[in-house]
Amino acid sequence: MKLFVTGGAGFIGANFVLYWLRHYPEDTVVTFDALTYAGNLENLQEVKNNPCDVFIKGDICDKNAVRSAMDGCDVVVHFAAESHVDRSILDPSPFVRTNIVGTHVLLEVARERKIQRFHHVSTDEVFGSLDLSEKQIFSEQTPYRPRSPYSATKAASDHLVRAYFYTYRLPITITNCSNNYGPFQFPEKLIPLAITNLMEGKKVPIYGDGLYVRDWLYVEDHCRAIDMVLRHGKIGETYCIGGLTEDINNLSIVKKILAYMGKDESYIEFVKDRPGHDRRYAIDWSKIRNELGWEPLHDFDTWLKETIRWYQEHQEWWQRVKSGAYRSYYEQQYGKSL
Ligand code: NAD
Ligand code: DAU
């Protein structure tokens, strides 16, 4: 089988490419990635000399480039996106372009090329925000209520993908997952930012009161879920994917990281809140468990310790990421104080 993986040099995409070539060495993976600030070819070092790994630098909005790169591929797994909520607040334009226009270009070419499966990787943020006092959780039936430019563009892309199934019978599947963490995550997201800041002797910025709740999914569990959906998922269906966390807030997560890394709470710094900050996400992943037999391999604490260990053992990787173009964005977001 020949897979066309968009965004395969980013965090989840790279973990997926490595996962796939480890589990299915007979397959070929074409990674198509524009190498934006979030794309890093070092993430794919392990498969650099593998003849089954093909890398093509290209923009998903460029139809001709997509057309020639997708030639001969059987399956599309679409990760490429602008993915960071804070950046979408500073400038929504690249989010509209890549997440909506780019997804549309991919759908058009997939239709032309008669792709056997178009799998779209999406987010639980399309469902909006839950209250802390509510018992409610997101499921495949939850209406869409996106609240940030990022989640609005992801919601638009989900709608387009579904429209191509109903209108053109393009064989699609969609997964909406919660917050991922693990190796190769760009240190602009909470968990890698906290771990790497602490290794640099810096504080960890906590937005607002820190009582915001996310559901946390280890990236390898996520890759396994996509694998199951590709092999056994029903065409046209959506599957929600989450982790083994029970409403843990950001402050508690950072306190766990401090404890595991032997640091005290003076390393916490409360900073101004994110505008429109979604209070709580929680996800019901019983459909993928009941229908496909998927569940996370370990609990949050086990995977969190594993993640800390990975960043401790790969200091060169994140130091190179943090020293480049990342700096100017970092200062714009947090000022020079941290
Ligand atoms: P990321 O920001 O780490 O990586 C995105 C990748 O897409 C990068 O390699 C980048 O170079 C590439 N890219 C961006 N614009 C492109 C374009 N126009 N053409 C080609 N490539 C382009 O993102 P991630 O965290 O790995 O997320 C992957 C996908 O999963 C996204 O669709 C995101 O919405 C979704 N998702 C992420 C999370 C999470 O917690 N990280 C959770 C739910 C869903
Ligand atoms: O829910 C899935 C989503 O998870 C994905 O769709 C997004 O691509 C991904 O970026 C992530 O979005 P979040 O906004 O939840 O992730 P982030 O790591 O940016 O923030 C997690 C929580 O931590 C959120 O409540 C904001 C808070 N936070 C974040 C940063 C970067 C802080 O308190 N301080 C920080 O410095």
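Biologist: Are helix 10 and helix 11 roughly parallel or roughly perpendicular to each other?
Modeller: In this predicted model, they're roughly perpendicular (65 to 115 degrees counts as that). Helix 10 covers residues 300–313 and helix 11 covers 315–323; helices here are DSSP runs of H or I, at least four residues, and strands are E runs of at least two, numbered from the N terminus.

Biologist: What angle do they pack at, and how far apart are the axes?
Modeller: The angle is about 75°, with the axes 5 Å apart. Axes are lines fitted to C-alpha atoms over the stretch in contact, and angles run from 0 to 180 degrees between N-to-C directions.

Biologist: Which residues meet there?
Modeller: Trp 310, Tyr 311, Gln 312 and Glu 313 come from helix 10, and they meet Gln 315, Trp 317 and Trp 318 of helix 11 (heavy atoms within 4.5 Å).

Biologist: OK, switching to the ligands. How many residues surround ligand 1?
Modeller: There are 28, and the closest are Ile 12, Asp 33, Ser 83, Tyr 150 and Lys 154 (a residue is in if one of its heavy atoms lies within 4 Å).

Biologist: Which polar side-chain atoms lie by it?
Modeller: Ser 83 has one 2.7 Å from a ligand 1 oxygen, and Thr 98 has one 3.0 Å from a ligand 1 nitrogen. There's a backbone pairing too: an N or O atom of Ala 34 sits 3.1 Å from a nitrogen of ligand 1. The cut-off for such N or O pairs is 3.5 Å.

Biologist: How much of ligand 1 does the protein cover?
Modeller: 96% of the 830 Å² of accessible area that ligand 1 has on its own (Shrake-Rupley, 1.4 Å probe).

Biologist: And which elements give two or more residues to that shell?
Modeller: Helix 1 (11–23), strand 5 (117–123), helix 5 (149–168) and strand 7 (179–181). Strand 5 has the largest share, three residues.

Biologist: What about ligand 2, which residues are closest?
Modeller: Ser 83, Thr 123, Asp 124, Tyr 150 and Arg 274, out of 23 that surround ligand 2.

Biologist: Which side chains lie by ligand 2 oxygens?
Modeller: Arg 274 has a side-chain N or O atom 2.6 Å from one. Asn 179 places a polar side-chain atom 2.7 Å from an oxygen of ligand 2, and His 277 also has one at 2.7 Å from a ligand 2 oxygen. Alone, ligand 2 exposes 690 Å², and the protein buries 95% of that.

Biologist: Which element gives the most to the ligand 2 shell?
Modeller: Strand 8, with three residues. The elements giving two or more are helix 6 (190–199) and strand 8 (204–207).

Methods
Residues numbered from 1 in each chain as written. Chains lettered and ligands numbered in written order. Predicted model: local features only at pLDDT ≥ 70, side-chain atom pairs only at ≥ 80, totals over all residues. Heavy atoms only, no water. Polar contact = N/O pair within 3.5 Å; in protein donor to acceptor, adjacent residues only side chain to side chain. Parallel < 35°, antiparallel > 145°, perpendicular 65-115°, else oblique.
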